[in-house]
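Here is a short report on one protein. Keep the sequence and the coordinates open while reading.

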Amino acid sequence: MPVSSACRTFIDLATQRSWQDAVRTLNGLNMYEMLRALKVFEDADRAALRAAMASLGGAVNGPRIEYALTVVETSHLPATAPGDLASTGQVQDARRFLRHPKCIFVETTPRGEIGLRNDGVSSSGNALMQRLFGAPRDAYSQACQAVTNRTLAARIQTASVGPFRATGLDSAVAALTAIMTQIQTRQRLVYRFLSSAGMLCARNVRGSTTSVSNHSWGCAIDLKIDSVLDARGDGVAQYGLELIAPMFNDAGWYWGIDFPTEDAQHFEAGSALVQTW
Ligand SMILES: [Zn+2]
């Protein structure tokens, strides 16, 4: 479900390590969002959050937040619940969370509710890619196949881009590494949950027999958040993708959320950028 503005504020404050303001905001979240928001933290962040909670004293409902922290840390329901958590259904919320303990970044937002997207960046179509780099191979299917174009194949490399290793065009791998550094700086909490669902893959666009995917040139990446792949074509995008998309756009990469068939997991080097490669 769409992440509330209060929860977004909490994530922003925590990202900046403004812990006292973060705790005040956290205090107002419902149990559904509180558990999933707390799930984004590692030990050091939880320690900082607890220190801020202690310094705020009775200004926040400490026992309720501590209950949620314990659920997230231990993956078990505490034997007792403080205050009205049981009678107000919040223990039930915690039980449901433990059945699918994913962080807040996998929650989704309808495409139309996401602000500025792909401003000044456009997808690099097949004609442009073929002109710049040649055809990766002669024929394609829905499966990943080898690049048979020798000139292009010579430019394919595998390297760590930060949170994971990726195989793609040399220039794209370098650009992706720089983007990941930006994400680590500006969205450090999302960075921890990033993994790849594939970069180089010579195939057709899913569901097409004529359109070649930009993965075929190793210039596109599909991302998972907390090991969850954003479903294609459902018109919504994971909150984590929403938070990092500006870093891709700033670097000249196009976000697949605006494809005719929404593909929010997909980012590709935009048309202006590939012309510099
Ligand atoms: Zn893709």
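## Terms and overall layout

A residue counts as buried if 20 or more other C-beta atoms lie within 10 Å of its own. It counts as exposed if there are 12 or fewer, and as partly exposed in between. The model is predicted.

The protein has twelve helices and nine strands. Its C-alpha atoms fill a box of roughly 65 × 30 × 30 Å along the principal axes. Of its 277 residues, 39% are buried. Contacts between residues at least 6 apart in sequence were also sorted by separation: 66% of them join residues at least 24 apart.

The domain assignment gives domain 1 (5-101) and domain 2 (113-274). The centres of domain 1 and domain 2, taken over C-alpha atoms, are separated by 34 Å.

## Helix 3

Helix 3 spans residues 31-38 and is mostly covered. Seven of its eight residues are buried. They are Met 31, Glu 33, Met 34, Leu 35, Arg 36, Ala 37 and Leu 38.

## Helix 5

Helix 5 has 13 residues, which at 1.5 Å a residue should span 18 Å. The buried residues of helix 5 are Tyr 67, Ala 68, Val 71 and Val 72. They cover an arc of only 130 degrees around the axis, which puts them on the same side of helix 5.

Pro 63 and Thr 74 are exposed on the other side of helix 5. The buried residues of helix 5 pack against helix 3 and helix 6. After helix 5 comes Ser 75, with a positive phi near 60 degrees.

## The nonpolar core

In soluble globular proteins, nonpolar side chains tend to be buried together. Here the largest nonpolar core holds 78 residues. Leu 35, Ala 37, Ile 104, Phe 105, Leu 176 and Val 190 touch the most other members. Domain 1 (5-101) and domain 2 (113-274) both give residues to this core, so it lies between them.

Take Val 190 from that group. Leaving out residues up to four places away in sequence, Val 190 touches Phe 105, Ile 183, Gly 240, Leu 243 and Ile 244.

Strand 5 covers residues 220-225, and six of its six residues are buried. In a regular strand the side chains alternate between the two faces of the sheet. Both faces of strand 5 are covered. Ala 220, Asp 222 and Lys 224 are buried on one side, and Ile 221, Leu 223 and Ile 225 on the other.

Strand 5 pairs antiparallel with strand 4 (residues 194-198) through four bridges. In that pairing, Ser 196 has Leu 223 as its bridge partner. Three bridges join strand 5 to strand 9 (residues 266-269), again antiparallel. There, Ala 220 stands opposite Glu 268. Two bridges join strand 5 to strand 6 (residues 228-229), which also run antiparallel. Ile 225 stands opposite Val 228 in strand 6.

## Loops and positive phi

The hairpin of strand 5 and strand 6 has two residues between the strands. Asp 226 takes a positive phi near 50 degrees there. Ser 227 lies in the loop between strand 5 and strand 6 and has a positive phi of about 65 degrees, although it is not a glycine. Is Ser 227 buried or exposed? Ser 227 is exposed, because 10 other C-beta atoms lie within 10 Å.

Asn 118 lies in the loop between strand 1 (108-110) and helix 7 (126-133). Its phi is positive, near 55 degrees. Asn 118 has 17 C-beta neighbours inside 10 Å, so it counts as partly exposed.

Ala 202 is in the loop between strand 4 and strand 5. Ala 202 is buried, because 24 other C-beta atoms lie within 10 Å. Not counting residues up to four places away in sequence, Ala 202 touches several residues, including Pro 136, Tyr 140, Cys 144, Val 147 and Ser 216. The C-alpha atoms of Ala 202 and Asn 214, twelve residues apart along the chain, are separated by 8.2 Å.

Terms used
Residues numbered from 1 in each chain as written. Predicted model: local features only at pLDDT ≥ 70, side-chain atom pairs only at ≥ 80, totals over all residues. Domains from an automatic or database assignment. Core = buried A, V, L, I, M, F, W, Y, C linked by C-beta atoms within 7 Å. Contact = placed C-beta atoms within 7 Å. Expected span 1.5 Å × (residues − 1). Arc of directions from axis to C-beta. Pairing = 2+ DSSP bridges.
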